Amino acid sequence: MRRRWLGLVAIVVALGAGAVSEVQDHPAAAEAPSGYVDVQFDTGITIQSLNADGTTPTLAQQGFQTLPIPPGKTSGEFLDELRARPDILTAEAATRVHAAQLPNDPYYDYDGVNQAQYLAQIGAPAAWDLSTGSSQVVVAVLDSGIDLGHPDLGGRLWENPIDNLSDGIDRDNNGYPNDRYGYRFVDLTAKNIALCGYTATRGPNVQDDMGSTGDPRAHGTLVSGIIAAAGNNGQGVAGVAWNTRLMTVKVLDCEGKGWMANVAQGIEYAVKNGARIINISVASDGSITANESSVLRAALQMAQNAGVIVVAAAGNEARTGDVGTRYPAAYTDFPNLIGVGASNNLNGNEWATYSNYGPAVDFAAPGNRIVSTTRSDLGLTAPYAEVGTEGGTSFSTALTSGMFALMMARNTRLSAADYIQIARDAATPATPAAHGQNWAGAGIINIGAAVARVPMSIEGAPLKDWRDVPAGTLIEAVIDGNTCGSTTSQSFGFLGRYSIRVKSTADQANCGQPGKTVQLYVGGLPALPTFTWGAPNQDLGLRDKEVSSVSPPPGSLVVQTLTGSWANIAHLEPTGQLPGAASGLPTPWTAIFKWDAVKATLGNNGAYRRFFRGLPSYTSDYPVITQYDAYWVDAPAPNVASPNPYPPAGRAVSLQAGWNNFTYTGTSRSVDDALRSIGGQWLQVLEYDNASGQWRSHLPVTATHPRVLNDFGGLFTLKVYWVLMKDDASLVMD
C-alpha cells in the first residue's frame, strides 16, 4: 500500500512543555497486570445526588474504580469474586477501545491531496463566511494525545491558566496536578510499558506518541487538525473551526489502544474543566454485545447534566459482519451523545461500506481521503498526511465536532439541544444503503447550512416605560416588518425576564442576516434599544439586555393635568410677560411659583420666584415667563392644552448643586440615558403626579437599590421633573 507525506513547507514551533511529573496509580513494572476490571462500590452516592456546592458527584464519589486482575486469577474468576461482595454494585470486564479510523483491515493511501473535495461537499466554505470559530469554545479530544509543537495547532491548544507548571502541585485543586494542556488516562500493561515507555497511568504528559516515520498513525493529532488546525495562515491545512481551542485528553497509548474506563475518566475531566464539546474518535473493541459499561454510562450522564455535546464514532467494522454501532456511540438514551457514521465522499456521499450502522447513528460525514496534521517530531518533510480512500469514522466524527464548534462560535448561548436540532434541520438527506438500515441519521452534515441557521438569542428584562411588565406579556422580534421570533415574559419575584430566539434568513425568509436591525416589541409596542444582527465572527448570543417599549410622545396638542390645586407643569407657549403669556391657563388662576436654584434666601441658595395675578407688580419677582420653564400654578381643575412646540434637539439647561425643577425636552429615554450628559452628578429625580397629588421618586439603580424600588424609570418628552445635583452641570437633551 502506497503512502506519502504532503510536500508542504512547515515550520515547527516548540512549545516547551518541559518535563512533567506523573501520578503513579499502578506500579510501573514488567509484571503489569494481565488486565483490569471496572467496579462500582456502594458509596450511597448516585449520579442524581448533588454535592453541598450543587455540583454533580465525581465518578470516584459514586464508587467507580478500575482494579487490576490479581496474579494467578482469570478475569472471570476475579469478577465472580467481586460480584459476590455486598459492597460492590457492578463488576465488569474492562472494555478495550481503539482508534476508530483504524478499520479491521488497514486502508491508507496518501495520493491526491485535496481538502476541498470533501469540505465543499459539506458546506464548510459557506460556514466560514459567517464564522471561523472562537477561542471561547473548547473541544476536548479524547484520543492518543496531540502534537503540542505542531505549527498548525499552535495557539489552538487549551491551556490551564493556573496549573501550568511541572512541580507536582495541584494549584487549582481540580485533582489533576500540572494539567497545562490536559491529562492522560492510560492504564499500564506489560506491552505499553515496554513499547511506549510508560511509568504511570495518569499524568499531564499528553503528547501524541502514536505513529512513526513510516506509519503516520498519529491519530489524536490527525483528529485535532481536522477539528481546529489554523486556517488562512499560509501553511498546512485548515481545520473546520480555525480558532477553536483543543483540550488534550490522552486515553489511547502509543498503539492506539486503551480501556473504556479511561474514556470515562477523560469525559469526567473534560466536563469538570469546561469543555463544551467532547470528540471521541474511538470505539469499543471486541463483540458489540459485550461492551456495555456502567462507568462509561455514568460519565456520559455527567456530560448530559452539564449540557456538553459528546460526538462519538460509530466504528469501522461493517465489512466484518459485526455491524452494530460501537460504544460510546451505541448509547441511544443520552440526547447529547451524537453517533457519527461515514459517507463515501468519493462516491456521491453514499454509505461508506466500512462504516457501522444502526439506530444510534445521528449523522454521517465524509470519511475518505481526509487531509490533516500529523506529528511534527517524526523527521518528516512536512507534518501533514492524507488518509487513504478507505478512511474511517474517526474523521467523520472530527468533521462533525468541528461543525458544532462553528455553530457554538456563532452563538455561544444556545443549549446543546438547540445546536443538535439545528444540525438535524440543516443536514442533507442521505441516499438509502443497500442494507436498508439507518447509517446516517438525520443525514450528511451540512456545516454551511447549520451555521447559517444559528439564530440570534437575546435575554434580559422586558419593560414598558422602563418598568417591569407582568408575566405573559408578548415579546416579538421584527426584522424589516417580518416577525422572526416570539415569546412571552416571565416573572421572578418583582422582576421580569425574557429569552427570545430570532430566526436567521436561512431558517425563515427575510429574517436575520449580518447588518439587519432587530426590533423587539413588548406588549405590541416597539422597544428600545434595537439590535444589529452580528457581522461574521460576532457572537449572536446577547445577555442582560434590558429593553423597554415607550409610550408615544405627545401629538400636536400637549395636555397637562390641573386639579383645582397646585400643579407642577411646563410653559409651552412662547416667552412673554406675565400674566398675558399664561393666557392658556384656565381662569381664575391665582399664582405662579418658579423654583430658582440660585436665588439666595437667608444665606441659602434656592428659593421660589413668584407672580401673583391681580396684585401690584411689586409683590412679584417673576415678571417674564420663558418657554419651557417648569413652574407651580394654583389653577382651576380643567386641564390645560397647549400647541406642541416640538422643541429642537440639543436644548441645554444649567443645573445647580441642590434641587432643580426643569422641563425635559429630549426624546423619551430611561433616566440614566436621559441624564447621561451629567453622568454621576445627580443623586435623585422626583416627579409630582398632579392627578394624585403624590411624589414619585427615582434613585440610581444599585445592588442595594434595585429597579423595582423606583416609582418610575424614564424621562418623557415635555414632562416636568426635579433633580438633586451634587455639583453644577449642564444637561443636554436630544
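1. Helix 7 spans residues 294–305 and has twelve residues. From its first C-alpha to its last it reaches 16 Å, close to the 16 Å expected at 1.5 Å a residue. Bear in mind that this is a predicted model.

2. Which residues of helix 7 are buried? They are Ser294, Val295, Leu296, Ala298, Ala299, Leu300, Met302 and Ala303.

3. Look just past the end of helix 7. Glycine 307 sits just after the helix and takes a positive phi of about 75°.

4. Next, a helix pair. Helix 8 (residues 393–410) packs with helix 9 (residues 416–426) at an angle of about 115°. Their axes are 11 Å apart. The crossing of helix 8 past helix 9 is right-handed. Helix 8 makes the contact with Met403, Phe404, Met407 and Met408, and helix 9 with Tyr419, Ile420, Ile422 and Ala423. By type, the contact residues are eight nonpolar, no polar and no charged.

5. Last, leucine 686, found in strand 41 (residues 682–689). Is leucine 686 buried or exposed? Its relative accessible area is 17%. Buried means under 20%, so leucine 686 counts as buried.

6. What does leucine 686 touch, leaving out residues up to four places away in sequence? Its contacts are Trp659, Trp695, Arg696, Ser697, Phe712, Tyr721 and Trp722. Aspartate 711 lies 25 residues from leucine 686 along the chain, and their C-alpha atoms are separated by 9.2 Å.

Note on methods
Residues are numbered from 1 along each chain as its sequence is written. This is a predicted model: local features need pLDDT of at least 70, side-chain atom pairs count only at pLDDT 80 or more; totals for chains, interfaces and linings use all residues. Side-chain values use heavy atoms; hydrogens and water are left out. Axes are lines fitted to C-alpha atoms, for helices over the stretch in contact, and angles run from 0 to 180 degrees between N-to-C directions. Helices (H or I, at least four residues) and strands (E, at least two) are DSSP runs, numbered from the N terminus. A crossing is left-handed if the near helix is turned anticlockwise from the far one by less than a right angle, and right-handed if clockwise. Contact means heavy atoms within 4.5 Å. Ala, Val, Leu, Ile, Met, Phe, Trp, Tyr, Cys and Pro count as nonpolar, Asp, Glu, Lys and Arg as charged, and the others, Gly among them, as polar. Buried means under 20% relative accessible area, exposed over 50%, partly exposed in between (1.4 Å probe, protein chains only). The expected span of a helix is 1.5 Å times one less than its number of residues.
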